[in-house]
Amino acid sequence: MPAAEIDVRLSGIRKTYGDVVAVDELDLDIKTGEFFTLLGPSGSGKTTTLRLIAGFERPDRGRIALGGRDVTNRAPYERDVNTVFQDYALFPHMTVADNVAYGLRVKGVPKAERKRRVQEILRVVRLPDVGRRKPVQLSGGQRQRIALARSLVNAPKVLLLDEPLGALDLKLRQEMQIELKRIQREVSEVGITFVYVTHDQEEALTMSDRLAVFNEGRIEQIGTPAEVYERPSTQFVAGFVGVSNVLERGGRTFTVRPEKIQMHFDETGGGELGRIEDVVYVGMFTRYIVELDSGGELTVVRQNLETSSQEALESRGKRVRLEWRPEHTFVIERGGGA
Ligand code: ADP
Ligand code: MG
């Protein structure tokens with residue numbers, strides 16, 4: 001990758017807190033304007049990585065560059081970076097407009113220009129008329145959009161978002177995911193890079209241009225959502241991103257995604273034989289857990305095209321034959337703590 005395309009570069013980063021190794025051997029290149037997600041379970045080092053990029057933490061080892069400039073020893077205010085936290089951190093006594101304008105005022109941007117830019121960014125987050133309200137007069141989703149507006153108004157090179165939708169209920173979170181993507185596209189002409197942290201695999205898959213899967217302070221895989229989902233490179237990734245369908249056959253370990261498996265209720269033909277151990281009816285589809293005669297267990301997902309919930313649930317205990325195409329299996333490395 002040419003250096004100019006890379007906005008955030010972490011090389012050989014290690015960060016410890018006493019005996020705890022929070023992140024180690026971290027190498028990461030994030031491109032300008034990219035929506036890049038750090039995905040991983042709690043405690044895997046995502047927040048530490050964001051704080052290192054922001055400059056709130058210093059690495060024990062390694063270098064950090066932003067826009068091609070080494071900033072490893074620079075203070076947070078010397079980095080062209082803003083952070084959005086889960087708890088919004090709006091000033092309660094200030095109006096929404098003053099909250100959004102805060103960073104501009106600190107930088108000494110003249111009043112008329114401030115006003116224009118606040119209006120513009122409130123339009124982008126689709127809350128043009130709430131400038132005079134106080135944060136307490138907004139809903140949770142609106143407050144999160146204002147927090148976003150405040151971080152975008154001074155057009156930072158990099159926007160860091162640490163589980164920003166974590167406090168919202170599912171429905172609102174899904175709406176905000178779409179909203180956030182729209183906002184990112186709208187500001188992409190000024191080339192703001194989004195670095196997004198989440199532990200929610202669905203959120204990561206739907207929003208990201210690329211993602212990095214974290215496990216115990218290390219990156220297990222980097223790729224586009226399709227690459228990571230369809231071709232997980234380790235057992236941990238296979239299990240964390242989607243359902244862990246891992247089999248060992250003939251000395252090799254491989255994974256196959258549940259929706260790529262065909263299930264037949266006859267025992268003649270190709271594939272592997274087994275028995276349905278469990279059935280989970282999920283409305284749109286049904287999930288079947290199949291115990292294979294040759295060892296191992298696979299989850300199979302079938303759309304409920306013609307099957308009723310009754311029929312689906314009654315298939316528990318039945319003998320089945322599972323088939324999948326060789327090109328839908330991917331060899332993975334063992335281990336990774338799944
Ligand atoms: P995540 O954001 O993925 O949940 P963190 O980056 O917050 O993970 O934490 C990574 C590891 O570092 C965890 O084991 C955590 O307990 C530890 N850690 C993070 N911050 C501190 C700190 N300030 N002091 C001590 N340990 C910390
Ligand atoms: Mg965290």
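## Aromatic pairs and strand order in a predicted model

Modeller: In this predicted model, Arg-150 lies over the face of Phe-91, at 5.9 Å from the ring centre. A charge sits over a ring if NZ of Lys or CZ of Arg is within 6 Å of the ring centre and within 35 degrees of the ring normal. Local features need pLDDT of at least 70 and side-chain atom pairs count only at pLDDT 80 or more, whereas totals for chains, interfaces and linings use all residues. Residues are numbered from 1 along each chain as its sequence is written, chains are lettered from A and ligands numbered from 1 in the order in which they are written, and side-chain values use heavy atoms, with hydrogens and water left out.

Colleague: Over the ring of which residue does the charged end of Arg-257 sit?

Modeller: The charged end of Arg-257 is placed 4.3 Å from the centre of the ring in question. That ring belongs to Tyr-229.

Colleague: How many aromatic pairs does a search of the whole structure find?

Modeller: Rings of Phe, Tyr and Trp (its six-membered ring) pair if their centres lie within 6.5 Å; planes under 30 degrees apart count as stacked, over 60 as edge-to-face and the rest as tilted. Over the whole structure, the number of aromatic pairs is four.

Colleague: Which residue forms one aromatic cluster with Phe-35 and Phe-194?

Modeller: The cluster contains Phe-35 and Phe-194.

Colleague: In which helix do Phe-236 and Phe-240 both lie?

Modeller: These two residues form a stacked pair, 5.6 Å centre to centre and 10° between the planes. Phe-236 counts as buried because its relative accessibility is 7%. Phe-236 and Phe-240 are four residues apart, about one turn of the helix, which is α8 (residues 235-240).

Colleague: Which strands stand at the edges of the open sheet, and why?

Modeller: Four strands form this sheet in the order β2-β1-β4-β5, with antiparallel pairing; two strands pair if DSSP finds at least two bridges between them. Each edge strand has a single partner, so one side is left without a neighbour in the sheet; these strands are β2 (20-31) and β5 (69-70).

How values were computed. Helices (H or I, at least four residues) and strands (E, at least two) are DSSP runs, numbered from the N terminus. Buried means under 20% relative accessible area, exposed over 50%, partly exposed in between (1.4 Å probe, protein chains only).
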